[in-house]
Amino acid sequence: MKKQRVIGMFDSGVGGLTVMREILEQLLDVRIVYFGDTARVPYGNRSREELIRFGEEIATFLIGQGAEVIVVACNTSSATALPVLRERFDVPMIGMVEPGARLAVEKTIAGRIGLIATETTVRSKAYSTAVSRALAKGCLPEDPTLRESWQQGEQPITLTKAQGCPLFVPLIEAGLSNSSEARGIAKTYLTPLHAAGIDTLILGCTHYPFLEPVLKEILGKDVLIVDPALAVVKELKILLQHLDEWEQSELVESPPAFGKKPWRARYYVSGDPELFKQVGNTLLQEPIGEVEQVILGE
């Protein structure tokens, strides 16, 4: 019987549930321990030092819950804290930025990639760097015309415009992702991206897929929306396969199952469990089960 891997995930709030949903739908043999740092949301205005400290506290907790891999389901933490966390913990970690940038490069048809994200993620320029790195490592657009033009040096592929969206996360955490307020704010944020002529838009925050219907309504059919969660699942599949192969080759004994009662996801938050459950159930349109509060950093 194939071992059920335990995946740890964290985000500042409910946003990472969009990534968790994709993982649970595509990987049937994993369990997820999810931590939403709702007492300290939003992360978008936090310093690098704070984000590293938060990440260390949460990673320690998740590993204590049996996590064998950690998905940093927060673009802000991925852009700022993840390199440090990888140095300080032995558990493999996957972030959002590199997979998202690769997916955008593959899907763009005009080489004009846009980004919406928290202001911290935008300031870090992590996505711009990741797009350049993806191209340098051989990632190419699927569109044959653009691929040929880029290879011949005729057409650049760049992160053309990045837009900070500080009001999106509070709206979503308040359960207002489909409100008139959300539409008005989204129009303001998307106007510069429209003016820049982007053809592909990266959702650079895991909260933003909850706004996807609103964003599509405003952007129209000419702009493709890229959700990095899809690429994260692909990367996680490869990583788990490598872990299985390594354990077989090293004859590593699998740890005992985590608990006797079957489960697929467990939820922990630093803030109000009932609010997380209420908003999470509304956004996912399905029950997310029991949520337990855990206070970190004390």
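Q: In this predicted model, over how many bridges do S5 and strand S6 (residues 158-164) pair?
A: The model is predicted. S5 and S6 run in the parallel sense. Within this pairing, Arg112 stands opposite Thr158 of S6. The number of bridges between S5 and S6 is six.

Q: Which residue in S7 is the bridge partner of Ala117?
A: S5 also pairs with strand S7 (residues 200-204). That pairing is parallel and has five bridges. In S7, the partner of Ala117 is Gly204.

Q: How many of the six residues of strand S5 are buried?
A: Strand S5 covers residues 112-117. Buried means under 20% relative accessible area. S5 is mostly covered, and its buried residues number five.

Q: Which residue in S2 is the bridge partner of Phe10?
A: Strand S1 (residues 5-11) pairs with S2 in the parallel sense. Seven bridges join S1 and S2. In S2, the partner of Phe10 is Phe35.

Q: Why does the pair of Tyr34 and Tyr267 count as tilted?
A: The structure holds eight aromatic pairs. One of them joins Tyr34 and Tyr267, with ring centres 6.3 Å apart. Planes under 30 degrees apart would be stacked, and planes over 60 edge-to-face. The planes here stand at 55 degrees, so the pair is tilted.

Q: How many residues apart in sequence are the parts that this pair ties together?
A: Tyr34 lies in strand S2 (residues 30-36). Tyr267 lies in strand S9 (residues 265-269). The pair therefore ties together parts whose separation in sequence is 233 residues.

Q: Is Tyr267 buried or exposed?
A: The cut-off for buried is under 20% relative accessible area. Tyr34 has 0% and counts as buried. Tyr267 has 7%, so Tyr267 is buried.

Q: Which residue forms one aromatic cluster with Tyr34 and Tyr267?
A: The two tyrosines make a tilted pair. The cluster holds these two and Phe276.

Q: Over the face of which residue does Arg266 lie?
A: Arg40 lies over the face of Phe54, at 3.8 Å from the ring centre. For Arg266 the distance to the ring centre is 4.3 Å. The ring under Arg266 belongs to Trp263.

Q: What is the radius of gyration of the chain?
A: The chain has 13 helices and 10 strands. The globule rule gives 19 Å for 298 residues. The chain's own value is close to that, so it is as compact as a globular protein of that length. Its radius of gyration is 19 Å.

Q: What percentage of the contacts between residues at least 6 apart in sequence join residues at least 24 apart?
A: The C-alpha trace spans about 55 × 50 × 35 Å along its principal axes. Of the 298 residues, 54% count as buried. For the contacts in question, the share is 77%.

Notes: Residues are numbered from 1 along each chain as its sequence is written. This is a predicted model: local features need pLDDT of at least 70, side-chain atom pairs count only at pLDDT 80 or more; totals for chains, interfaces and linings use all residues. Side-chain values use heavy atoms; hydrogens and water are left out. Buried means under 20% relative accessible area, exposed over 50%, partly exposed in between (1.4 Å probe, protein chains only). Helices (H or I, at least four residues) and strands (E, at least two) are DSSP runs, numbered from the N terminus. Two strands pair if DSSP finds at least two bridges between them. Rings of Phe, Tyr and Trp (its six-membered ring) pair if their centres lie within 6.5 Å; planes under 30 degrees apart count as stacked, over 60 as edge-to-face and the rest as tilted. A charge sits over a ring if NZ of Lys or CZ of Arg is within 6 Å of the ring centre and within 35 degrees of the ring normal. The radius of gyration is taken over C-alpha atoms; the globule rule is 2.2 Å times the number of residues to the power 0.38. Contact means heavy atoms within 4.5 Å.
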